[in-house]
Amino acid sequence: MQLKKSLIIAITLSVISLVAWELYWRSEGKIPDLDDDKNLWAVQRARVDDASLNDVLLLGSSRVLFDIQLNEWEKETGVRPIQLACAGSSPLPLFHDIVHNTDFKGTIIVGVTPGLFFSTTYPEAGPWKRPQSRVDYFENRTYAQQLNHWLSLPLQKNLAFVSTSEEGFSDDIDLKSLLSSISSTNRSGKPEYPPFNSFAYIDEDRNNPMSEKTATDTAFANGIKAAWKFIIMNNQNPPDKDATTNFFVADAEKFQERGGNLILVRCPSSGWLKEGEDKFLSRTEFWDPLVKATNAKAYYYEDYEQLKHLECPELSHLSAPDARYFTTELVKIMKADGVLSNSKTN
Amino acid sequence: MLLFASYVFYGLWNPPLVILLWISTIVDWVAGKKLAVEENQRKRKMWLILSMVVNLGFLAFFKYRDFMLDNFTAVVNSYGYGYQAQPMDIILPMGISFYTFQTMSYTIDMYLKRTERARTFLDFALYVTFFPQLVAGPIVRAQELITQFYEEKRATINQFIWGLFLLTIGLFMKVVLADTLLSDTADAVFGSTSILNGLDAWTGTLAFSGQIFFDFAGYSTCAIGIALMLGIILPDNFRYPYGAIGFSDLWRRWHITLSTWLRDYLYIPLGGNKHGVVRMYSALMITMLLGGLWHGAAWTFVVWGALHGTYLVIERMLKTRIHIKITPFNGIFLALLTYLLVNFTWVFFRAREFSVAKSMISSMLFLNNESEKILYSFDIIKVFSVITLLFLCHWFMRNSSLKELSLKSSSWVLGIVWACMFFLIAISQGNGEQFIYFQF
C-alpha cells in the first residue's frame, strides 16, 4: 500500500463527488445562503455595544425580520438599523437584554406579533427560551466560536450544499436533514409536524427578504400556511397578557427614563391568521392597553390607508417587494410624525 | 512554537483560564525539580503532597465544589437546619480532569523514581499543554511524551499522510456517526419525560452507547492524527472496546490511558491484587467509584462506576470458579453479553437524574405495561443498523488494528474509503456540537 497514492485518489474522488453534489443541488434550485443562526445574531448584537444615539434597533419576531427591509430604511433615514428580531420568538427577552445589559439610548422598534408578544414570561417556554438562548450565547461565546463563524461565512456564501440550519427546515440538504426526510412509520400516534421549508434569504447583517418562490408559488406558500395552522392548533397555552405587559412596561420605563426612543409596530397579517388574531388577541384588549401603558409611539398598519391593504402570501409575512414598500411607507409616516429624530431629512 | 500554539488554542476558548494551566505547570515543574535532587524522604513527600494538593484542589474547587456543597446542604437540612447554600456558578475549565491527571502522573512518577526529570521548563510546559490532547486526552505519561520534545520533530511524509487519514476517521466518527446518525435519537429518548416503550428505551440507550464511543474515540483519533502530522506519537486510547469479552477486557480497551492511570496511581497503591481478595475487591470498587466521579460531579456517575466495579468483582469471582475456553462461537456470545450489560451502565452515565435512569431501566427490562412510543421506525432501523455494524466491526477487529488492516488493503481501497468518509463529513456539515468529553 502506498499512502501517497491513496491520498491522491482520496483528494481526486472527494473533489469530483463534492462538485457533482454541488451541481446537483444547484440544478434543483438551491442557491448559496446564510443560516440565520445564533452566530449571525450575536454579531449584530455585538454592534449594539458601540451603537450611538442615531442608531436604530429592530426587535420582534419574524414579522419585523421579514417586513422591515434594511436597505429601504437606510435609503429613507441614512441609518442602517441593527436587525435583532428572531423568528418564532417573544421580543421581551431581547428588549430586556438591551435595557439591562447595555446603555443604548437610541431608537428601538419593537414588533408586536400578538401571539408571540403576549405569549409568556415562562423561561422554559419556546417563545422565551429561543431568544434568551441567543442572548446567552452572545454573552458566553468563545473566540473559537467566533472564529468558526467567520471561517464558515465564505463557505455558506459560495456553496449551495452548505445548508444546515439552526431552524431545521425540511428542505435543508445536510445529511441529517436528508435522512430525516425519508418517510417512515410514526409509531407515536401523535400528529406529525407538516414539512416546513425555508422561505427567505438572509444577508450577513440579517436583512431578510422573503424568497420569490413563496410569493409566487401558491402550493409552496400553502405548505407554510399548513405549518402555521399546525403550530397554532397545537398550542395549548393561553396568552399571558398581564405578565407579558407588565414585564415589558417595566423595561420600557427604564429605557425611556434614560432617554431612549421606543416605538411599537404592528406588522400586517392576512386571511384566517388575521381573523384569529383579531378574535383571540384583539387590538382593543391587547395592543391598545400595551400602547397606553408604555406611553410609546405606536404604529398599527391598519391605521394607514397605504398599508392596510397589504397581503401576506403565507398569511404572516410580506413578500420582498411589499416589505420594501412597507418599510419605505412606514419610515415616511414615522418621519412625518417626527419620531425618528436623528434621521436625515429630505 | 508548539507551546505558543497550545496556549493560543486553549485561550480561544477562555483566555483567563490559561492561568490555571500555568499554575499547574509551574507547581509541578518545581515539585519535579526538587524530587529529582531531594533525598530526604519527608521532604520528598511534602513536594509530592504540594503537587497533589494544587492539582486536586483545582479539581475540587472547579469541578466538585457545587456537588460537595449540595450534598453538605442536603445532609445538614436532613437534621432540620434550614441551610441555604450560595451557588457560585463557577465555569468548569475545559479539560481540567485530563491535564491535572497528566501533570500529577509526572510528579508521582518522579516521587517513585520511575521517570527522569524533564530537561527544560519549556519541554515540561509543552507536555502539560500539548494542544491535540490537552482538552480530552489521551492522558499521556511523561516518559512517553516529553522525550519526544527534546529534539526537533518533523513528520515523515508517511506519518503526515497517516495522521491526516486518522484525522479524517476521527472527524467521520464524530460528525457523521455520533452527531448525525445517533445523537438525536439518544437525546430524544433521554430527554423524554414519558415512561418509554421497551424498544424505544433500548434504541435510545444503544444510540448513546454508539454516540459516546464515536464521540470520544473520534476525538482521541483526531488528537493522535494531528500529533502524528507534527511527528509526535501518542498512545492508543481505544481498542475496539465493544468487542471485549468481560469487563477486565473492556477496561483494557476503553479509554485505555485513563484506566491504566487509575490502575497505576490508584488501584495498585490501594493494594491491588497482592493483599488478598477482600482488599483487592475493595481496591477495585474504590477505583471504579472514583473513576465514575472523575467523569462528572453527580451521583449518577458514581453509580455508573459502582456498576462497573460490581461487574469486575463478579467477573473475578466467577473466573476463579468457572473456566471457559473462549472459542469464536462462545466468544461472540460473551462479547454480546458484555456489551448488553455495559448498556445498563450507560443509562446512569447519560441520565441527568435518577428518576430518568430508573424509568429507562424498567423500560429496558420491559416492566412498564403502559408505555409510550416516541421514535419513528426509521430511527430504530438506523440505530440498530449502525450499532450492529459497530459491534461486528469491534468483534472482528478485536485482535487487529487499523494500521494492520490498512497495510493489507490496496491503495485504491484505502483512497476510496477515505474519499467516502470525507464526502460524508462534508455533506453532514455538523452544527459545531462540542465533544462530550470536553465537559469532563
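# Two chains, and how we know what touches what

Chain B and chain A bury about 3400 Å² between them, with 69% of that on carbon and sulfur atoms. This is a predicted model, where local features need pLDDT of at least 70 and side-chain atom pairs count only at pLDDT 80 or more, while totals for chains, interfaces and linings use all residues. Residues are numbered from 1 along each chain as its sequence is written, chains are lettered from A and ligands numbered from 1 in the order in which they are written, and side-chain values use heavy atoms, with hydrogens and water left out.

Me: What makes about 3400 Å² the area that chain B and chain A bury?

Reply: Buried area is the accessible area (1.4 Å probe) that two parts lose on being put together, summed over both. For chain B and chain A that comes to about 3400 Å². The contact (heavy atoms within 4.5 Å) takes 45 residues from chain B and 35 residues from chain A.

Me: What makes the link between B:Asp200 and A:Arg187 a salt bridge?

Reply: The term asks for a side-chain nitrogen of Lys or Arg within 4 Å of a carboxyl oxygen of Asp or Glu. In this pair the closest N and O atoms are 2.7 Å apart, so the pair meets the definition. Chain B and chain A have three salt bridges between them. There are also 14 residue pairs in polar contact between chain B and chain A, both residues at pLDDT 80 or more.

Me: Which helices of chain B supply at least two residues each to the side that touches chain A?

Reply: They are α8, α9, α16 (377–397), α17 (402–408) and α18 (411–428) of chain B. Helices here are DSSP runs (H or I, at least four residues), and strands are too (E, at least two), numbered from the N terminus. The largest share, 13 residues, comes from α18(B).

Me: Why is B:Ser192 called buried?

Reply: Buried means under 20% relative accessible area, exposed means over 50%, and partly exposed is in between (1.4 Å probe, protein chains only). B:Ser192 has 16%, so it counts as buried. It sits in the loop between α8 (157–190) and α9 (198–229) of chain B.

Me: How do you know that B:Ser192 has a polar contact with B:Ser194?

Reply: A polar contact is a pair of N or O atoms within 3.5 Å; within protein, one must be able to donate a hydrogen and the other to accept it, and residues adjacent in sequence count only if both atoms are side-chain atoms. The backbone nitrogen of B:Ser194 lies 3.0 Å from a polar atom of the B:Ser192 side chain.

Me: Why is strand β4 of chain A called largely enclosed?

Reply: Six of the six residues of β4(A), residues 261–266, are buried, so the rest of the structure largely encloses this strand. A:Asn261, A:Ile263 and A:Val265 point one way, while A:Leu262, A:Leu264 and A:Arg266 point the other.

Me: How do you know that β4(A) pairs with β5(A)?

Reply: Two strands pair if DSSP finds at least two bridges between them. β4(A) and β5 (residues 297–300) of chain A have four, in the parallel sense, so they qualify. A:Arg266 stands opposite A:Tyr300 in β5(A).

Me: Why is A:Asp303 called partly exposed?

Reply: A:Asp303 has a relative accessible area of 44%, so it falls in the partly exposed range. A:Arg283, at 26%, is partly exposed as well. The side chains of A:Asp303 and A:Arg283 meet in a salt bridge (2.8 Å, N to O).
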